[in-house]
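Take a look at the model before reading on.

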Amino acid sequence: MRTPLLLDIAADACPDRPALGGGEEGDDFASYRARASCVAAWLAAQGKANTAFLGMNGTALPVLLFACGMAGTPFIPLNYRLADDDLNKLVARSAPSTLIVDDDMLPRIAPTDGVTLIARSDFEAEFMAGAPPEKIDLPEAGNEIAVLLFTSGTTGDPKAAVLRHANLTSYVMSTVEFLGAGEEEAALISVPSYHIAGISAILTAAYGGRRIVYLPAFTAEDWVATCAAEAITHAMVVPTMLDRILDVMERTGETLPALRALSYGGGKMPEPVIARALAKLPHVAFVNAYGLTETSSTIALLGAEDHRAAFASDDPAVRRRIASVGQPLPSIELEIRREDGSPCAPGEQGEIHVRGEQVSGEYLHKKAIADDGWFATSDAGWLDEGGYLFVEGRLDDVIVRGGENISPGEIEDVLRSFDDIADCAVLGIPCVQWGEKVVAVIVSKSGQPDTVAMAAAIRAKLRSTKTPEQWFVRDALPYNETGKLLRRVLKAELAAEACAG
Amino acid sequence: MDLRPGSRWKSAVCDAQLVVVRPPSSAGELQCGGVAVVPIDDMKAPTGAIDPAFADGVVIGKRYVDEASGLEVLGAKAGAGSLAFNGVAMAIKGAKPLPASD
């Protein structure tokens with residue numbers, strides 16, 4: 001099954017339902033499909049194998065994604081935050097391609113064989129402006145690859161994750177009800193185009209029949225203002241966004257009465273932030289989603305009822321589920337395995353493995369999935385007795401001290417319970433005696449953190465081997481733009497100064 | 001009748017439109033209102049001659065399954081006829097919708 005089918009059946013069933021953009025200027029489902037079909041005909045005439053995109057969010061993006069599916073050219077959104085050198089390497093890897101680029105980013109692109117540059121303004125003038133065109137009927141395309149997403153590549157060159165039409169349509173059809181959204185519903189997309197959640201949001205919204213509205217780039221002020229102006233009902237944010245959104249709401253007094261559902265993911269949400277969000281937005285259903293690029297987005301989620309049950313419970317086993325990512329989707333198999341491949345018991349940490357039709361587990365020219373379909377995520381985690389999944393971060397981030405596996409997450413949770421902690425990270429630094437030793441990097445509100453009391457709390461709640469042996473105080477921790485803590489950057493910085501032996 | 005995933009069909013007797021989500025394990029005929037369905041681009045108007053034994057309707061957004069063959073079909077447009085595979089009525093697949101997560 002191919003992704004354009006999702007738009008096709010929605011456009012046939014409800015052609016005049018609002019689909020794209022805001023207010024009067026938006027497109028309905030019929031014109032959404034018609035625009036995409038014209039772009040597809042143009043792409044097919046260009047004759048390039050791939051279609052790449054470099055630019056800010058906007059309604060050109062979903063049109064281009066579906067057009068690529070119709071034309072049979074994989075869609076390759078590029079990360080505009082990369083340094084020019086790294087960006088141009090990816091541009092070269094997209095060749096032969098048609099590359100649509102925001103006008104102000106054009107000067108960043110070096111001339112590359114096989115890459116045809118198209119200015120976004122020209123593209124939009126031709127395909128996005130004015131009255132909707134007539135739909136062009138194209139023969140069904142053959143390429144099975146829908147999207148290539150370059151993963152962040154913290155070690156070595158970025159890998160091109162392959163998402164096939166079959167992976168993406170399976171994800172959409174097993175998680176969303178066809179036209180299940182009400183006509184008044186609208187989703188605000190603020191994650192960048194090169195993030196899997198930006199891709200999956202386009203597909204789920206089309207199939208669900210929900211209008212999508214874009215923020216060109218995230219600022220908390222714009223997010224709150226757009227939510228209010230467009231009566232946004234659904235949105236997805238990453239943890240760093242939510243805290244800033246709540247600040248703006250506090251400052252402006254905006255209450256976002258239309259908002260019904262807010263999902264979050266892409267990193268660990270500090271419990272104080274979600275507690276604050278639940279208090280400030282009592283009318284909103286919160287969903288915590290966990291997924292990877294290689295799994296076509298969400299594979300586990302913690303729903304609104306789970307959030308409420310966890311916060312209301314006196315049972316510590318239920319209460320702590322607020323920090324979980326909930327239960328695996330019914331359409332996904334999920335196991336926690338030890339290093340030797342045997343299954344972990346409940347409560348025992350290991351590597352998260354998944355299997356299902358939405359799991360691609362594939363990079364360009366390299367299959368990373370086992371013959372029996374299981375994909376090793378490289379994420380560390382564990383399941384509780386009720387089947388709730390706790391993700392402890394990348395397997396590489398687990399600290400191995402004297403043969404003992406230590407998760408930074410649980411130590412960070414203890415630290416965050418101190419009011420003085422604005423932010424923190426716990427890392428393993430190479431060390432002669434233990435292999436790795438535990439160090440903490442903290443951002444203190446007072447500037448005078450009581451690390452003795454913090455160490456005592458960790459010793460009491462966890463155990464002495466998990467107590468940081470060195471403390472570093474910083475003004476801020478390094479994050480990427482989607483809210484992921486750059487542990488490796490921090491680790492590299494500290495390794496030099498931290499370890500004398 | 002090539003009931004491959006993603007193929008689109010429509011009822012010969014009512015307004016229902018269908019998408020195959022999972023193919024059947026063995027060849028057979030998808031029927032709506034008691035009559036074989038036709039490809040989506042078939043230009044003939046529906047006849048309206050619905051077999052009363054297959055008149056429970058197709059609901060938009062619902063999934064219909066044939067247990068024996070594994071055939072699964074999505075209702076892409078509603079209609080008055082109901083679905084069958086080789087004469088055996090297909091059942092509505094009960095699935096609780098998940099909350100939006102992206």
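Q: How many bridges join strand β1 of chain B to strand β2 of chain B?
A: The model is predicted. Strand β1 of chain B covers residues 8-10, and strand β2 of chain B covers residues 17-22.

Q: Which strands are the edge strands of the open sheet in chain B?
A: The open sheet has six strands with antiparallel pairing. Their order is β5-β1-β2-β7-β6-β10. An edge strand pairs on one side only, which in chain B applies to β5 (38-39) and β10 (91-92).

Q: What angle does helix α1 of chain A make with β7 of chain B?
A: Helix α1 of chain A spans residues 4-13 and packs on the sheet. This helix touches β2 and β7 (72-77) of chain B. Its direction and that of β7(B) make an angle of about 40 degrees.

Q: How many residues of the side of chain A that touches chain B are nonpolar?
A: Chain A gives 29 residues to the contact, and chain B gives 15 residues. Elements of chain A that each supply at least two residues include α1, α6 (165-175) and β13 (285-292). On this side of chain A, nine residues are polar and three are charged. The nonpolar residues number 17.

Q: What distance separates the centres of domain 1 and domain 3 of chain A?
A: The domain assignment gives domain 1 as 1-164, domain 2 as 309-396 and domain 3 as 398-498. Taken over C-alpha atoms, the centres of domain 1 and domain 3 of chain A are separated by 42 Å.

How values were computed. Residues numbered from 1 in each chain as written. Chains lettered and ligands numbered in written order. Predicted model: local features only at pLDDT ≥ 70, side-chain atom pairs only at ≥ 80, totals over all residues. Pairing = 2+ DSSP bridges. Helix = DSSP H or I, 4+ residues; strand = E, 2+ residues; numbered from the N terminus. Contact = placed C-beta atoms within 7 Å. Axes fitted to C-alpha atoms, helices over the stretch in contact; angles between N-to-C directions. Nonpolar A, V, L, I, M, F, W, Y, C, P; charged D, E, K, R; others polar. Domains from an automatic or database assignment.
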